[in-house]
Amino acid sequence: MKIAMIGTGYVGLVSGACFADFGHEVVCVDKDASKIDRLLRGEMPIYEPGLDVLVAGNVAVGRLSFTTDLTEACADADAVFIAVGTPSRRGDGHADLSYVYAAAEEVARSVGAYTVVVTKSTVPVGTGDEVERIVREARPELEIDVTSNPEFLREGSAIEDFKRPDRVVIGVQSERAREVMRLLYRPLFINETPILFTRRRTAELIKYAANAFLATKISFINEMADLCEKTGADVQDVARGIGLDRRIGSKFLHPGPGFGGSCFPKDTLALVRTAEQFGAPTRIVTAVMEVNDQRKLRMADRIIEACGGSVSGKAIALLGVTFKPETDDMRDSPSIDIVGRLKEAGATVVAYDPAGMDEARKISAFDGVKWAASSYEAMQDADAIAIVTEWNEFRALDLDRVKGLLKSPIVVDMRNVYTAKEMREAGFTYLSIGRETVGAAA
Ligand code: UGA
């Protein structure tokens with residue numbers, strides 16, 4: 001089948017490359033000519049493991065191409081995916097749908113014979129209705145269907161998530177569109193991936209409900225971690241103890257510095273706004289967001305506490321700045337709040353991240369931060385280390401070497417990648433999340 005994928009962000013580029021790998025003929029479209037130029041040269045605009053190889057392979061066999069020409073890409077497409085950004089709207093937190101609607105207008109002008117327009121961007125309930133209205137108003141004679149096909153891929157494991165998803169959700173209003181969607185996802189049908197067909201509004205809501213529920217699990221375990229710290233319980237054991245109950249499940253119960261990224265913060269807020277608008281407030285999700293916002297702000301205090309109550313004039317080595325490993329994405333990363341607060345408290349911050357430093361440099365909170373070329377360089381003569389992101393290379397540091405480099409052996413581990421036992425044996429003051437504290441700060 002012929003697919004036009006509008007938007008070459010995370011979702012659009014990964015989905016486009018994966019659909020091409022399924023055997024479809026995919027044209028990825030973006031208004032940003034420099035991005036398309038880079039893609040044509042084989043350069044990836046984002047850091048995502050395996051994406052460069054997947055793109056190159058499908059370009060080589062002629063199934064994947066890139067263009068800025070939306071009209072041409074849509075002209076003979078069987079399906080046009082809208083995968084443009086839906087950032088939080090300034091001021092009110094609603095999803096900003098201007099890019100989606102602008103794309104819908106252009107699609108309306110460009111498509112020819114029967115086409116299925118698919119919203120893959122995360123869009124609030126009712127957006128599909130508006131996309132359909134826009135297209136029908138512009139071209140009443142057109143034969144189209146508008147479907148919703150939310151994406152559940154995670155940054156860092158996006159290709160695997162797309163190709164081997166837990167489920168595919170498709171919201172359709174007609175049997176004809178359902179058939180086209182079935183053909184697009186044929187390889188997954190063959191794999192017996194559960195494919196859930198719903199009405200369009202339901203599919204739109206499923207996406208937000210899924211992200212809000214996952215965010216709820218995280219804020220929940222983070223609050224349990226705080227309680228563990230006060231009571232002397234161990235949050236890792238609590239997570240395991242509840243996670244083994246299959247009704248709860250063990251995933252997304254890792255405590256940390258709070259969730260970040262391009263999805264959970266924006267989508268929880270958009271869901272809360274939609275719910276208010278429809279008069280059905282989602283109080284749990286509101287609390288989840290509040291817990292997370294406060295947590296990110298409070299995280300630096302743990303470093304200050306580990307340093308004996310003050311970081312003024314001290315050097316803090318930050319290991320990891322991205323919101324999670326295997327990405328260079330800095331959007332809403334907890335490190336932004338942490339760095340801001342440390343600087344306010346008079347600390348010098350030396351940071352290292354395997355992929356995120358270029359993106360971090362663009363954020364004003366990082367002005368004045370010194371950048372190191374490796375984790376060991378960052379910790380040279382530092383007064384403490386804070387592990388903010390659980391990149392693999394921070395999981396196996398040579399602890400003797402670390403101790404030799406630091407001015408004082410203090411480690412704040414916001415991802416619980418080390419154990420109290422090993423850090424005690426290695427002679428560190430060690431603060432983690434929801435677990436016993438080791439050393440002077442205990
Ligand atoms: C999230 C969802 O997991 C995807 O299913 C969804 O498709 C995507 O949003 C989206 O809407 O596009 P992503 O933002 O890439 O994916 O990252 P996650 O792996 O979900 O992590 C989000 C944040 O939660 C990170 O800051 C991570 O550190 C944090 N987290 C995650 C925890 O603190 N604890 C956990 O147990 C899991």
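I began with Glu 151, which counts as buried because its relative accessibility is 9% (buried means under 20% relative accessible area, exposed over 50% and partly exposed in between, with a 1.4 Å probe and protein chains only). I note that this is a predicted model, in which local features need pLDDT of at least 70 and side-chain atom pairs count only at pLDDT 80 or more, while totals for chains, interfaces and linings use all residues. Residues are numbered from 1 along each chain as its sequence is written, and side-chain values use heavy atoms, with hydrogens and water left out.

I located Glu 151 in the loop between β6 (144-148) and α7 (158-163); helices (H or I, at least four residues) and strands (E, at least two) are DSSP runs, numbered from the N terminus. A polar atom of the Glu 151 side chain lies 3.1 Å from the backbone nitrogen of Leu 153. Leaving aside neighbours within four places in sequence, I found Glu 151 in contact (heavy atoms within 4.5 Å) with Val 11, Ser 15, Lys 120, Phe 162 and Lys 207.

Strand β2 (residues 25-29) runs parallel to β1 and is joined to β1 by 5 bridges, with Met 5 standing opposite Cys 28; two strands pair if DSSP finds at least two bridges between them. Strand β4 (residues 79-82) is also parallel to β1, through 4 bridges, and there Val 80 is the bridge partner of Ala 4. I recorded β1, α1 and β2 as a right-handed β-α-β unit, meaning that, with the strands pointing away from the viewer, the path from the first strand over the helix to the second runs clockwise.

Last, I checked Ile 387 in strand β12 (residues 384-387), which counts as buried because its relative accessibility is 1%. Ile 387 and Asp 413 are 26 residues apart in sequence, yet their C-alpha atoms are 4.9 Å apart in space. Beyond neighbours within four places in sequence, the contacts of Ile 387 include Leu 319, Phe 394, Asp 413 and Tyr 418.

Technical notes:
Polar contact = N/O pair within 3.5 Å; in protein donor to acceptor, adjacent residues only side chain to side chain.
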